[in-house]
Amino acid sequence: MIDPLTLLLYAAAIFVATVAQRVVGLGFGLVMGPVSAIVAGPIAAVPLNCIFAVVACSLMLPGVWRDVDWRRLAWLLLPAVPASVVGLLLARVVSADALRIAVGLLAIAGVLISVVFTRSRHTLDGPGTRIGSGLAIGGFNAAVGVGAPLVGIYALVSRWDPLVLAATMQPFWVVLNLMTLGQRAVLVPEGFPEWPWWAWAGASAAAALGTLLAHRIAHRVPAGVARAAVVVLSIVGGVAVIGTGVAGLLAAA
């Protein structure tokens with residue numbers, strides 16, 4: 001269950017996360033991961049994030065459809081879907097908090113290396129890079145609900161145009177999170193949050209309001225600012241995930 005005040009705070013977080021998701025192409029899971037863990041607990045946080053990511057990204061799809069890079073979407077999504085099964089199975093045998101710390105450290109190190117890499121004139125965007133990125137994103141998104149920092153790493157090393165990135169990641173997250181929810185219902189059926197209808201409606205309304213605002217400002221954000229936002233969100237997200245994992249380990253000790 002969730003009380004009205006907590007729902008109001010949760011809806012505010014969804015509003016902010018939705019705006020970031022539309023403008024930059026990532027940020028929903030980075031913002032909502034720690035918030036959902038606090039509100040619903042670490043077990044329910046992953047399906048909760050998946051559900052509202054599907055809602056938010058689905059609302060964004062009509063406005064970004066023409067800018068989606070469908071070919072690159074397929075390269076990332078096809079390996080991400082089977083990797084999400086591995087991620088769910090991994091989460092059953094390895095501590096979720098330990099996985100969060102590992103993902104956070106990987107994300108921060110990867111982003112810092114990517115920033116150094118982008119100072120050169122090289123671009124890293126072959127089939128191996130896309131498949132490897134898809135595998136990592138899908139696996140960690142299913143295991144601990146955090147795949148966005150890995151998207152940030154790929155976006156930096158591939159020099160992905162920020163406008164196309166923001167558009168392409170919306171159908172990516174819709175499909176991947178729907179698949180993860182279906183796989184989770186079979187492999188890890190426990191942990192789905194039991195909220196009243198008004199809580200689901202209120203949080204979904206916040207996502208809708210965030211989408212309306214984001215559509216108005218997305219095309220006004222300069223490419224340089226969008227790339228900087230990817231770096232900042234990825235690093236902050238990595239730190240937040242590490243903090244959540246450390247807190248969980250300390251609580252269990």
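**Cavities, a pocket and helix packing**

Trainee: What is the volume of the second largest cavity?

Mentor: This is a predicted model, in which local features need pLDDT of at least 70 and side-chain atom pairs count only at pLDDT 80 or more, while totals for chains, interfaces and linings use all residues. Residues are numbered from 1 along each chain as its sequence is written, and side-chain values use heavy atoms, with hydrogens and water left out. A cavity is a set of points, on a 1 Å grid over the protein atoms alone, where a 1.4 Å probe fits but cannot get out; points are joined across faces, edges and corners, and a volume is the space filled by probe spheres set on them. For the second largest cavity, the volume is about 70 Å³.

Trainee: Which elements give two or more residues to the lining of the second largest cavity?

Mentor: Lining residues have an atom within 4 Å of a point, and here they include Gly 33, Asn 49, Arg 100 and Thr 244. Helices are DSSP runs (H or I, at least four residues), numbered from the N terminus. The elements that give two or more residues to this lining are α2, α3 and α10 (223-252).

Trainee: How many charged residues are in the lining of the second largest cavity?

Mentor: Asp, Glu, Lys and Arg count as charged; Ala, Val, Leu, Ile, Met, Phe, Trp, Tyr, Cys and Pro count as nonpolar; the others, Gly among them, are polar. The lining has eight nonpolar and three polar residues. The number of charged residues is one.

Trainee: Which helices each supply at least two residues of the lining of the largest cavity?

Mentor: The search of the whole structure finds two cavities of 30 Å³ or more, and the largest has a volume of about 140 Å³. Of the 16 residues that line the largest cavity, the closest to its centre are Phe 28, Gly 29, Ala 53, Asn 141 and Trp 173. By class, this lining has eight nonpolar, eight polar and no charged residues. The helices that each supply at least two residues are α2 (28-40), α3 (42-64) and α8 (162-187).

Trainee: How many charged residues are in the lining of the largest pocket?

Mentor: A pocket is an open set of points with protein on both sides within 12 Å along at least five of seven lines, and the largest one holds about 230 Å³ of space. Of its 13 lining residues, Ile 43, Ala 91, Ala 96, Arg 184 and Val 188 lie nearest its centre. α3, α4 (70-93), α5 (96-118) and α6 each supply at least two residues of that lining. By class, nine of the lining residues are nonpolar and none polar, and the number of charged residues is four.

Trainee: How are α6 and α8 oriented to each other, roughly parallel or oblique?

Mentor: Axes are lines fitted to C-alpha atoms, for helices over the stretch in contact (heavy atoms within 4.5 Å), and angles run from 0 to 180 degrees between N-to-C directions. Angles under 35 degrees count as roughly parallel, over 145 as roughly antiparallel, 65 to 115 as roughly perpendicular and the rest as oblique. The axes of α6 (residues 127-144) and α8 come within 10 Å and cross at roughly 50°. The two helices are therefore oblique.

Trainee: What is the handedness of the crossing of α1 and α9, left-handed or right-handed?

Mentor: Helix α1 (residues 4-24) and helix α9 (residues 197-217) pack at an angle of about 30°, with their axes 8 Å apart, and are therefore roughly parallel to each other. A crossing is left-handed if the near helix is turned anticlockwise from the far one by less than a right angle, and right-handed if clockwise. The crossing of α1 and α9 is right-handed.
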